[in-house]
Amino acid sequence: MKMILLGVWTLLALIPCPGTTEELFEVSVWPNQALVEFGQSLTVNCSTTCPDPGPSGIETFFRKSQLGKGPQWKEFVLEDVTESSVLHCFFSCAGVQKDTALRITMYQPPEQVILDLQPEWVAMDEAFTVKCHVPSVAPLQSLTLTLLQDDRELHRKDFMGFSVASQRAEVTVNVRAQRENDRSNFSCHAELDLSLHGGGLLHGRSATKELRIFEFSQSPQIGVSSLLEVGVAETMICEVTRVFPAQDAVFRMFLEGQELSPFSSWKGDAAWASTTIRAMETGDQELTCLVSLGPVEQRVRKPVHVYSFPPPVLEVEDAYPLAGTDVNVTCSGHVLTSPSPTLLLQGAPNISAPGEPAWFLFTAREEDDGRNLSCEASLEVQGQRLLKTTEMQLHVLYKPRFGESGCPGNQIWVEGMEQMLACIPEGNPAPALVCTWNGMIIDLDVPQKATQNLTGTYCCTATNQLGSVSREIDVIVQGPHEGISSPTIFIITILTLGMAVITVALFVNYQPCKRNRRKQPSRQRGRNKDKEGQFADI
């Protein structure tokens, strides 16, 4: 009986119990964590511990293909992964089905980071917007965007609380423009942290954009006379103040439709440009100055009147008259002057009527040599009185003469001192001077030591094309202390000093005349050629 019971228990032990296999078999998937780049494929392996598995597979909305299989495993490839999802791998064993889940995380690197700077030129104290956005990035919760101004962090934003469905990330800040912001470089840095999903850090960076700050509230001003003379060069200046940055102001200048070529300068918060204008037509015209700075452009115009007013015409019947002859002087307006000017001729008894020439007649005297004749024209243009003057120098020709001041008849020399005969003649043309002593011509250019034997009478002759004149000069050489009283010595000393001054004047002023007479250079002959024609028959 015991043997029968033992056999029954043995058979019962060998019969499998319902539910044992269900509790023991397992389903697993590889990889246990999946990180897939957008649009790429993923290989998945599903396996089980069930010795004789039944129906099995994977559940996913991605397109899949089976790569291989075994008694307890199957391998699939998922194609074109475009979003994050959960995949289920299942096996059935003895009528019992088990599955396991695989979370697939799709990521998309921040390859395109776009920075918008609105506007790129900003007026002082105005607000500007810095905006950064990434058109496509995933997972959004792993993204951080950082706005940078130069190397300084301006603003940082993460997207931990954003919806998974949203694939667009952006950050925006508003800033008020200050001068120190000018030429600041703005950029945006994107960082995708995939460490929680088994990956690393992915970076993206925008292009750098430069911000320009400007101030341009004042209108430019044109600096030039409202009256321009035709054909005469004038400087036109266009200036603007309270402008920043002044060195970036661009000037364009015009005379009517003709663009000019300005030269620009700046200092502090002021900028200006200058150019040369030359109006070639009379009448009303317009000057224009155009100043631009960034997006702002300001224009200023100035009307000008262009007139024609050449200097008056001064005519002298004979610019080299002989002393004692009549000289006729006429002053008239230029033919290009319109309307006719009022003329004033120096020396004329009356002011001429507008449009009428002015003239007068006088007899030339020796004292008139070197006299300046002046003709003044007056013209009213646009309510302003304008003056033009023409001058001419008169050269009166007269015979040589000796004056007591230039050629004293009595001269005292002090024995032992360097002395020169003091004699400067007058006349036009400048006369040549020859002085003799005891029949010998003396050199007036070289001083000589005074001795007693130089006492005597010297004869000097001055000659020009109009005639000649002679003068005797008595020279007395006295000893420094010989029979002379103290008052006399004082007088002689004064006279000697005076003679020294005259001698120096002779040496300085007369020397060129003597040299010209002796060497007769072509320049002297050329200067006197016109004069010789005046008295060739004399």
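1. A disulfide here is a pair of cysteine sulfur atoms within 2.5 Å. The link of Cys407 and Cys423 is left-handed, at -95 degrees about the S-S bond. It links distant parts of the chain, 16 residues apart: Cys407 sits in the loop between β34 (398-401) and β35 (410-414), and Cys423 in the loop between β36 (418-419) and β37 (426-428). Strands (E, at least two residues) and helices (H or I, at least four) are DSSP runs, numbered from the N terminus.

2. On provenance: this is a predicted model, where local features need pLDDT of at least 70, side-chain atom pairs count only at pLDDT 80 or more, and totals for chains, interfaces and linings use all residues. Residues are numbered from 1 along each chain as its sequence is written, and side-chain values use heavy atoms, leaving out hydrogens and water.

3. The whole structure holds seven disulfides. One of them joins Cys238 to Cys289, S to S 1.9 Å. Its handedness is left, with -90 degrees about the S-S bond. Cys238 is in strand β20 (residues 234-240) and Cys289 in strand β26 (residues 283-293); the pair links distant parts of the chain, 51 residues apart. Both cysteines, Cys238 and Cys289, are buried.

4. Check the geometry of Cys331 and Cys375. Their sulfur atoms are 1.6 Å apart in a disulfide. The link is right-handed, with 40 degrees about the S-S bond. Cys331 belongs to strand β29 (residues 326-332) and Cys375 to strand β32 (residues 372-381), so the pair ties together parts 44 residues apart in sequence. Cys331 and Cys375 are both buried.

5. Cys459 counts as partly exposed because its relative accessibility is 28%.

6. Now the sheet. Four strands form an open sheet in the order β2-β8-β7-β4, with mixed pairing. The edges are β2 (34-37) and β4 (56-59), each with a single partner strand, so one side of each has no neighbour in the sheet. From one strand to the next, the twist averages 25 degrees. The angles run from 0 to 180 degrees between N-to-C directions, with axes as lines fitted to C-alpha atoms, for helices over the stretch in contact.

7. Strand β4 runs antiparallel to strand β7 (residues 85-93), joined by four bridges. Strands pair if DSSP finds at least two bridges between them. Ile58 has Cys89 in β7 as its bridge partner.

Note on methods: Buried means under 20% relative accessible area, exposed over 50%, partly exposed in between (1.4 Å probe, protein chains only).
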